[in-house]
Each structure stands twice: as structure tokens, then as C-alpha cells.
Amino acid sequence: MQIIALNHRGRLHEALRQYAEAEEVLTQSLHLNPHQPDAIQHWVHLRQKQCKWPVMQALPQVSVHQMLANTSPLAMLSLHDDPALQMMAAQLFIKRKFDLPVSRLCPLEGYSHARVRVGYLSGDLCTHAVGLLLAELIESHDRERFEIYAFDDSPEDGSPYRARLKRSFEHFISVANMSDAQAAQAIADQEIDVLIDLHGLSSGARPGIFALHPAPKQGTYLGFIGTTGMPWFDFVIADRYALPEELTPYFTEKPLYVDGSFIPLTHDDTPVREATRAEFGLPDDAFVMAAFGNVYKITPEMFATWMEILKEIPRAVLWLIDDNPTTTANIKKHAFAAKADLNRIIFTGRSAHSEYKAKLKLADVFLDNFPYNCGSTNNDVINANLPIVTRSGLGLVSRMGGSLMNKLDIPELINNSTDEYIKCCINLHNNEELMSEIK
């Protein structure tokens with residue numbers, strides 16, 4: 001009972017963004033019983049969320065090896081640019097959490113419809129990072145060839161964007177109050193030819209639906225930027241830069257390649273207010289480098305790279321998200337240890353999407369993360385007409401930024417090493433002509 005109580009306390013602290021307290025409670029739980037995969041998984045990710053490095057630090061009865069084996073697939077995407085480790089994390093997670101009965105609701109021979117019926121299953125059809133990329137994409141489908149369905153499990157946020165998403169589908173069917181078996185049957189009843197999952201292994205995933213094979217062809221897209229390890233997915237939607245042939249052995253899904261970038265580029269004409277640097281404590285004459293990716297994606301190596309750029313560009317400032325007091329305090333400690341001028345690291349709180357877009361227009365350059373590149377965020381950065389310095393690696397998640405830069409024909413912003421990344425920032429700072437060409 002004590003372990004159960006500790007684990008519940010840990011989850012409550014995590015939900016309240018009290019990450020240090022959550023970590024301490026789970027440490028106590030693991031001291032009592034070190035054989036708790038779920039507790040280990042959360043312990044590792046809590047340290048990521050706090051920028052508490054090294055993330056994996058052995059406990060008296062829990063080795064780093066055990067931590068690796070029980071790291072969540074999402075956390076692994078941020079920790080290591082190693083597609084083999086990413087695949088291992090996904091497969092172990094599926095085996096541990098989703099050992100599901102598999103059956104087939106759809107006929108083996110499939111269907112024959114005048115138009116191909118394509119269904120999208122998602123809980124993010126709202127003002128969510130994934131949802132914000134979708135409306136224009138769904139609206140652009142060829143309706144003479146395809147009949148588009150939504151199977152929706154999203155919160156009803158009442159936003160105009162949510163209303164637009166609803167209108168973009170020909171059929172919008174809620175599965176929010178259905179069991180997996182009921183939802184799978186509802187999909188099968190519509191005779192869907194191709195069913196596309198928009199979660200993968202991210203929060204809100206419902207793999208139990210896909211294990212029942214309600215559609216002849218099933219694939220995954222956008223919600224999780226790596227292999228899911230799910231044997232009931234036939235394909236993953238990607239592009240040839242993001243998922244080159246040599247990376248495909250580390251995917252249980254076959255690539256379904258699209259032209260350009262697999263990350264949708266949206267056109268946002270919504271008016272953005274004119275903000276000033278003074279509002280956010282930014283010097284007017286500074287070279288402002290914004291890095292607004294989720295803080296759990298920051299690694300010691302990436303942070304050291306940013307510290308080196310600050311040394312090389314004396315008038316540069318680094319603009320980061322103030323996610324929570326514990327994480328911000330830890331980032332400041334890392335900066336102090338790197339002998340950085342703390343006055344040149346400026347934090348800004350989280351804000352509504354419209355305000356966030358106003359902030360982006362105040363920066364000179366956007367620093368993409370590595371190995372977990374930004375996806376939806378980079379789309380907003382592009383709409384703000386802001387250059388993105390990105391780094392590509394071995395995994396799909398580390399090649400999102402490069403995929404977008406290739407689509408925009410700006411390969412000079414793609415870097416393959418720390419040194420190249422640093423030099424790219426310096427070149428943008430020193431070369432106004434290059435900066436204006438890229439913009």
C-alpha cells in the first residue's frame with residue numbers, strides 16, 4: 001500500500017508540475033521496490049523535464065541499464081540520436097503496456113469504393129501542436145478521389161480552429177465515449193480503406209483500436225516521430241530526407257513517402273500584434289536567439305552548444321521558455337557552471353498561441369533542438385519569417401528541421417555537427433546579406 005500511495009503522490013506532483021517533489025517521491029518508491037518499470041519510466045522523464053543532468057543516474061537498487069530498458073519511447077527520442085535505441089524503447093514499451101489481443105474486423109480482400117475512404121483517428125483535433133498542422137492539410141485532399149473521415153477523441157475546446165477542423169472533414173465521428181472495441185467496430189462499419197493514426201506512442205494513443213484491424217491498411221503519421229513498434233501498422237508517412245533508406249531497418253512500419261517535407265507547412269494569415277522587445281526584457285540591440293522547444297528536449301550537449309555560441313557572439317542573448325521554477329533554476333545553474341553571463345539568458349513564460357507568434361517576430365534567429373528537432377513549432381517559426389538553425393542526425397526525429405529546410409530550399413541552415421551548428425549561427429550574425437536572403 002505504501003508503494004501505491006507513493007506512486008499516486010508522484011503522479012499528482014507531476015500533474016501539478018512539481019517535478020522535484022515528484023522525483024523525490026518516486027525515488028522513495030523505487031527504494032522500497034526497484035522492480036517497477038512504470039515508476040522508472042516516470043523517474044527518467046521527470047529528470048528530463050527538470051533539465052537535471054545527467055538524466056540517467058543510477059539509484060542504489062536501479063542501474064542505468066534498467067533505466068534504459070524502461071525509458072519511454074518519447075523520452076528516448078530526446079535522449080539519444082540512436083535509431084536502434086529508439087526502436088528498442090518502442091518495442092519494449094509495446095510489449096510491457098500493450099500486449100493486446102489481435103483480430104481482424106475488416107475483410108482480407110478490402111473494399112471497392114468509388115472514392116478511397118481515408119480515416120484519421122486523433123485526440124488532437126483542436127488547438128494542439130499536431131492539430132494546428134492539420135486543417136490546411138485535410139482541406140487540401142482531392143475530394144474527387146478520396147472521402148475523408150475523422151474519428152475524433154479530442155477535447156471540445158470551443159475554439160474557432162476546432163470548428164474549422166470539424167468542417168474540413170466530410171464525416172466527423174466522435175469515438176470519445178466508446179471503448180476500443182466499440183470504436184474499432186464503428187470504423188469497420190464505415191468500411192474505411194486506409195486508417196491513419198495521429199498519435200503513435202504519444203499521449204492519448206489508442207493502439208487497442210488498431211490491434212483489431214478495423215481497416216485493410218493502417219498507418220501512423222505526425223503524432224510520434226519515430227517507429228511505434230506496433231505490429232498492426234503497415235506504414236509510416238515520411239519523406240526521403242527525414243527517413244532515408246538506410247534508416248528503414250529501424251522501423252517496424254514501411255515508409256510511405258511523400259514529396260517535399262512530411263511536416264505540413266501551413267499558411268497563417270491571422271493578424272499578429274506588434275510586440276516590443278522591451279516588453280520581454282530583450283535588449284533592442286541584441287542578436288536574439290530564441291529556443292522555444294519543450295525544455296525536456298534540451299540535452300547537456302545542446303545546452304553546451306548554445307553556451308559556446310554566446311561566447312562567440314558577444315551581443316547575442318539566448319531566449320528560453322520559463323517552463324517551471326525548478327527547471328529554470330537548474331538551467332541557470334548549468335549556465336553558471338559554463339561561466340556564462342546570466343544576464344544574457346532571458347526567460348519567457350508560456351503563453352497563448354497568438355502571443356507566442358508575436359514573440360517569435362522579435363527574435364533574429366531560432367535555434368532548433370537536437371536530437372529532438374521542433375516540428376509544429378518550426379512551422380510557426382517559418383510563418384514568422386525567422387531563420388531556423390537546425391542540426392540533422394541519424395534518427396527521423398532529428399531530421400525534421402532539415403526536412404523543412406530542404407522543402408524551402410535553404411540547405412545552408414542544415415548542419416551535421418556541433419561545429420557546423422555554431423558556425424552557422426556566427427555566419428548569420430556576421431552576414432546581413434545572407435540573413436536577408438534567407439528571410
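Look at the second largest pocket of this predicted model. It is lined by 24 residues, and those nearest its centre are Y120, L137, H141, I237 and V258. The volume of this second largest pocket is about 630 Å³. Where does the lining come from? At least two residues each are supplied by β1 (116–122), α7, β4 (194–197) and β6 (235–238). Strand β1 provides the largest share, three residues. Sorted by class, the lining of the second largest pocket has 16 nonpolar, five polar and three charged residues.

Rolling a probe the size of a water molecule over the atoms shows where empty space is left. How many cavities of 30 Å³ or more does the structure hold? There are four. The largest cavity has a volume of about 70 Å³. It is lined by 13 residues, and L77, Q86, M87, G226 and T227 are the closest to its centre. Two helices, α5 (73–79) and α6 (83–97), each give at least two residues to the lining of the largest cavity. Helix α6 gives the most, with three residues. As for class, nine residues of this lining are nonpolar and four are polar, while no charged residues take part.

Next, find helix α8, which covers residues 160–168. Which of its residues are buried? They are Y161, R162, L165 and S168. These four cover an arc of only 120° around the axis, which puts them on the same side of α8. On the face of α8 turned away from the buried side, you will find the exposed residues P160 and R167. And what do the buried residues of α8 pack against? Their partners are helix α7 (135–139) and the strands β2 (146–152) and β3 (171–174).

Finally, let us visit the largest nonpolar core, which has 133 residues. The residues with the most contacts inside this core are I196, W306, M307, W319, F366 and L367. Take W306 as an example and look at what surrounds it. Leaving aside residues up to four places away in sequence, W306 touches A291, I298, L318, L320, L367, D368, N369 and Y421. One of these, L367, is itself among the residues with the most contacts inside the core.

Note on methods. Residues numbered from 1 in each chain as written. Predicted model: local features only at pLDDT ≥ 70, side-chain atom pairs only at ≥ 80, totals over all residues. Heavy atoms only, no water. Buried < 20%, exposed > 50% of the residue type's maximum accessible area, 1.4 Å probe, protein only. Arc of directions from axis to C-beta. Contact = heavy atoms within 4.5 Å. Core = buried A, V, L, I, M, F, W, Y, C linked by side-chain atoms within 4.5 Å. 1 Å grid on protein atoms, 1.4 Å probe; cavity = no way out; pocket = protein on both sides within 12 Å on 5 of 7 lines; lining within 4 Å. Points joined across faces, edges and corners; volume = space filled by probe spheres on them. Nonpolar A, V, L, I, M, F, W, Y, C, P; charged D, E, K, R; others polar.
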